[in-house]
Amino acid sequence: MTFTRRRALGAALLLPLEALAQTCGALTARQTEGPFFTPDSPLRKSLLEGGEKTRLIVTGTVLSAQCKPVPNALLDFWHSDEEGAYDNRGFRYRGHQHADAQGRYRLETIVPAQYPGRTRHIHVKVQAPGKRILTTQLYFPGDPGNSRDFLYRPELEMKKSDAGQASFDFVVEA
């Protein structure tokens with residue numbers, strides 16, 4: 001395991017390289033919102049509807065380019081269902097939340113299905129209070145569809161920790 005000495009939040013830490021934000025200093029890459037974004041999603045940290053078989057918990061932190069947490073950042077998530085379809089009439093697998101005072105968020109949802117031409121992914125809009133909105137997509141590491149998806153970017157892969165858990169740290173204008 002590679003280690004690096006890193007100054008974070010004013011304290012010197014010895015951390016495994018894999019524990020650092022994906023690209024602290026560089027803003028998270030932007031991607032298209034796609035044709036299925038619906039504004040005014042409900043406030044909720046769990047997108048589960050009940051009865052889902054494949055649950056997923058995504059956690060992370062919203063950070064500034066200076067690696068400082070962004071408190072109360074807005075995060076709006078949406079993705080396809082278990083069949084690869086988007087709910088365009090309601091808010092199934094859609095919702096927004098605010099990061100806590102330390103910039104942390106926790107999303108409870110499912111692993112979305114692939115649909116023609118795309119790999120599994122989760123759409124997200126992230127906004128520090130009063131700043132520009134970042135629209136991007138999160139991808140699943142090792143998904144066979146990644147190599148066939150023209151929008152896929154490896155720097156937007158979530159980090160898997162345990163079965164059913166992944167993480168991603170967003171770096172935004174703050």
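Are Tyr105 and Phe170 buried or exposed? Tyr105 is buried, and so is Phe170, where buried means under 20% relative accessible area, exposed over 50% and partly exposed in between, with a 1.4 Å probe and protein chains only.

Quick housekeeping, everyone. This is a predicted model, with local features needing pLDDT of at least 70 and side-chain atom pairs counting only at pLDDT 80 or more, while totals for chains, interfaces and linings use all residues. Numbering runs from 1 along each chain as its sequence is written, and side-chain values use heavy atoms, with hydrogens and water left out.

OK, the core. A nonpolar core here is a set of buried Ala, Val, Leu, Ile, Met, Phe, Trp, Tyr and Cys residues joined through side-chain atoms within 4.5 Å. The largest one has 30 residues, and Val62 and Phe170 touch the most other members. Strands supplying at least two residues each include E3 (55–64), E6 (104–110) and E11 (170–172); strands (E, at least two residues) and helices (H or I, at least four) are DSSP runs numbered from the N terminus. In general, nonpolar side chains tend to be buried together in soluble globular proteins.

Now look at Phe170. Leaving aside residues up to four places away in sequence, its contacts (heavy atoms within 4.5 Å) include Val62, Leu75, Tyr105, Val126 and Leu134.

On to the rings. Phe, Tyr and Trp rings (the six-membered one for Trp) pair if their centres lie within 6.5 Å; planes under 30 degrees apart are stacked, over 60 edge-to-face, and the rest tilted. That rule gives eight aromatic pairs. Phe77 and Tyr105 have ring centres 5.9 Å apart and planes at 40 degrees, so that pair is tilted. Ring pairs link Phe77, Tyr105, Phe168 and Phe170 into a cluster.

Last stop, strands E7 and E8. Six bridges join E7 to E8, and the two run antiparallel; strands pair if DSSP finds at least two bridges between them. Val126 stands opposite Leu134 in E8. The two strands form a hairpin with six residues between them, and Gly130 in the turn has a positive phi of about 75 degrees. As for E8, Leu134, Thr136 and Leu138 point one way, Thr135, Gln137 and Tyr139 the other, and all are buried.
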